Each structure stands twice: as C-alpha cells, then as structure tokens.
Amino acid sequence: MSFGPPPSVYTESTLAAESRRKRRRLLALGATTTALALLFAGIWVMSYDGTGDGRSPAAASRAPDDIRETTERRPTTPEGVIAIQRRAEGIEAGQNIKATGTWATGRTFAKTVGNRITGYRISTNRQAWKLTFPGSVCAATPHTTVDGRTAVAFSSEHTRTDPSGGTMSGPCDRIAMFDIDTGKRLWHVELPEKRLVPARVTMTRGKVVAAWEDGSAAYAMTNGKRLWSHTAGSVCGDSGYSGGKALVRVVKCGNADNRRFRVEGTDPGTGKPLWTYAVAPGVQDVRLISSSPVVIAVAAGDLVITDLISLGDQGEFRATVSVPVQTYVTKCGDGIDVTGPIETCDAVVVDERKLYVATQARDSGTVSAHGQVANEIVAFDLATGKSVGKFDARVGRPMYPVRMSGDRLIAVRESTSAHTPSAAVSIDPRSGKETLLLLYGTVGMLPFEYLDVRYEHGRVFFAATSLAGPVSEDDEGEGLWLADGFETGG
C-alpha cells in the first residue's frame, strides 16, 4: 500500500521554521481556529477536571517495572501545533517495508521502519537516536513501562530484497528491550527456537513474554534472564499472549482442518495456567484484546473476526458482542492469520465494565436513529453484551475510540475538509459529555483503520504501519509519509 503525502500545509522546507514558531501560530487552521475552538468549547461541555502532569496519583507512585497507564488532563488550549512530522527516506521503488512499533513518552516519539528504530525529540522534531538491528523488527508491543522501556522481536539475519521487490528476512529469533528516551538497548536474548513465523511479544509487570509458532518464553525486564518457557506438544502449543495488568494466552490445537483454541489466564512468574476457557468448535481464529478484564475476539466460522467475548476472573463466559465487519471498525486484521498478531483489535477499547467500538463511517447524508451523524461509538456491557450507550460523531467527521484515560474514553474525530479541523476528545461514558483536547489538521492522512494511533502526555500521534515504495524510480526523490504528531499550542 502506498502512503500518500502529509498534509499539504506541512512541507520539508517549512518544517524547521514551523517548529520554531509552533508556540505562536496555529497548525493548518489559520485565524479561524480560535473561533472554532471557542465554538466547539461551547458545544462540547468542558467537564473534565484532570490536573497534574498527565499521570494519576496512583501512577506516579508505581514501580518502574509496572506497565504505564497515564491519566490525561485537559490542556490549557485545544489549538494544536506540530509536535512531530516525519518522512521515511530511502524506500526504493517496489519495496514493501514493515513499520511495526510506535511509542511516545513525555519527550520522545519512537518509530520502527524495517530494521531500525529511531527516536525523535518531541516539539523540536529532531532525531535523538537510532537503534539498528541485523534484520527486520518483526514484532513490537505497544506496552511501555512506567519509566519508558519497551520490547521488540527482531531477526538476527540481514534483510534482503527478493526479485519481486519485497523484503526477505531470516527467522524472528531475538527479543530486545530498549529505553525509549535514550535509545539504549538494555539487553537482547536469543529465543529457544528459530522459526520463520514472526514472533509475538508483550509485557506485564516485570516480565517480557515472547511467543512463536507453538512455543513461548518469559524474560525478566531487568536483565533478560529467562524465567520459564513452553515448547510445543504433539497436539497443542502457545499461539500468543496479552499483557498489561495481567497475562493471558491463546493455546492452539490441531491442524487447519480441525483447529481448536483455548484461552488461559497465566501466572507471569511461572507460566502455569490459572484458569482455562475452551473456545467453541468451529472458531477459525482468536485474538486477545484485554487481559483485565478479559476480552477476546473470535472468527466464528468465518475468515474475519465476527464476535467479541468477555470472560470473568476465573475464565467463565460472561457475554458475546457481535461485531460484523460490515457494521463495526475493530482493526483486528484483514482475514484469517493464525500465525500473525494475537494482541490486537486496536479499535476496541475496554474499561472495567464496558467495551467501546465504533460503527463504520456513513456518507454525510445518511440519517441514523440518532439523526444525521457520520458514525457512533457504541458502548457494550461486559456482563450482558447489550448496548448501553452511543456517542454520536458529527456530520462528515467519523469518530473512533483510542484508549481509556482513567474512567474516561479518549477518541479521535477525522475530518476530510481543509476548513474543518480534526479533533481529539475525552468522553465521560456515564453522561456522554465531551472535553475537547486537541484541534489539528490531518488533510491527506490515511484513514484511521490504517494507522497506529497513540494519545500520550497530551499529544496525539498518527503513524504508518507499513511503507510501500514508489511505483517507479522517477518518484524516489520524496520520502514517504511516516508520522505526524500534535500538541497544544498553549
């Protein structure tokens, strides 16, 4: 897939000047943005009372090895300016490069392209460091620790270009942990088995857990020491894990003609199962959305995800939510891929009692049960599977959930008009009231479904997940769009 240019108002020649002036002028909105901000502020009730540095009091006192969960506060002004703007250079005609991995701390944005990870200082947009691996970075966890560390899987063999222009890499056989602010590789280890199937990697408190084709292993965050491992049995093997607050795994049994799955709560210290949920026969694929509370996605008799299932603390079935691809945006992947990512479905957000998923965007003229809206974010009760609320988007500006921030939902609104800004908002699920967080310009950016989206420390970031080189060598002069980030101008 070829990634289009960044918004037309941002060019390489104006980037340096824009960075210097970003505190004094608005991004792509001109003189109308202030009026728009006041208008939106009048429409969207500013009910959020967050304070502090973007972390809750509990988060501020958590151990460095805990998984970070920031609680965002309302900015002083919603008027957005450039925080990061990057292009990927050196992608040749016909090449297809993975861009697996997107992270942000309070001062650094980091992005993977092929076999390298590059860190950029937020606000200045300057490269701070570059971390290079022999072969491609084949998997990355979105989780980060409280003190800004994360993990990736990579190949120890150099990447080659095949005759068709694609990239060829060796086995995904290494795990590394690095510091996002410094780019320092803290440790790396060799996985117990060399498999061509991409490894999967996640993190929970104090542990980095990797899974490959039917096997898995856990490592200490502090030094990479292996804590436990599982090898494939004659019938079943580990397929992947979901980390965060807890650790949950998918176990796959049988072959393609007779595949069965089970989901297991897992003791992070020993790898032993704490409980087991047997997935119904006929399911073709299973993804893990949340480890606490446990929510899984299943492809029930189809090649795409069809249903979301919530489980109790001991793996007991709670409820099913039907999410047909014609109706909902889940970002669970395109079609069946039992060797691909397990911890996925980025467009499904879960809190303690509900899950949130957006409907597909409609034409601006379509009238729904709620009137003329682009789409809705629908809230479903985890205990019953029933719809318990809908949050309407504006006409022509579809809205999608990104993450929870404490007990509030952060969402982004897309705009395809140069005269209307896109926005990040915070929604109170109980009342439906919104807080406007950021206004920014994204004309020319890819649709939400094709982007890594992060909202961290009062900033929103959009990044490519893969890069396709230009069609011909004549078009190689201009780098491909890689990422944009925005922050408050106040």
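## Disulfides in the model

A disulfide is taken here as a pair of cysteine sulfur atoms within 2.5 Å. The model is predicted, and a search of the whole structure finds 3 disulfides. When the bonded cysteines are numbered in sequence order, they pair as 1-2, 3-4, 5-6.

## Cys138 and Cys172

Cys138 and Cys172 are joined with an S to S distance of 1.7 Å. Cys138 belongs to strand β7, whereas Cys172 sits in the loop between β10 and β11, so that the pair links distant parts of the chain, 34 residues apart. The torsion about the S-S bond of Cys138 and Cys172 is about 80°, so this disulfide is right-handed. Cys138 is buried at 15% relative accessibility, and Cys172 is buried at 4%.

## The two other pairs

Cys236 and Cys253 form a disulfide with an S to S distance of 2.0 Å. Cys236 lies in strand β17 and Cys253 in strand β18, so the bond ties together parts 17 residues apart in sequence. Cys236 is partly exposed at 23%, while Cys253 is buried at 12%.

Cys332 is bonded to Cys345, S to S 2.0 Å. Both cysteines lie in the loop between β25 and β26, 13 residues apart in sequence. Cys332 is buried at 3% relative accessible area, as is Cys345 at 1%.

## Arg454

Arg454 is located in strand β34. Arg454 is buried and has no salt bridge; Asp452, the nearest side chain of opposite charge, is 4.1 Å away. A polar atom of the Arg454 side chain lies 3.1 Å from the backbone oxygen of Thr102.

Key:
Residues are numbered from 1 along each chain as its sequence is written. This is a predicted model: local features need pLDDT of at least 70, side-chain atom pairs count only at pLDDT 80 or more; totals for chains, interfaces and linings use all residues. Side-chain values use heavy atoms; hydrogens and water are left out. Helices (H or I, at least four residues) and strands (E, at least two) are DSSP runs, numbered from the N terminus. Buried means under 20% relative accessible area, exposed over 50%, partly exposed in between (1.4 Å probe, protein chains only). Lys and Arg count as positive and Asp and Glu as negative; His and the chain ends are not counted. A salt bridge is a side-chain nitrogen of Lys or Arg within 4 Å of a carboxyl oxygen of Asp or Glu. A polar contact is a pair of N or O atoms within 3.5 Å; within protein, one must be able to donate a hydrogen and the other to accept it, and residues adjacent in sequence count only if both atoms are side-chain atoms.
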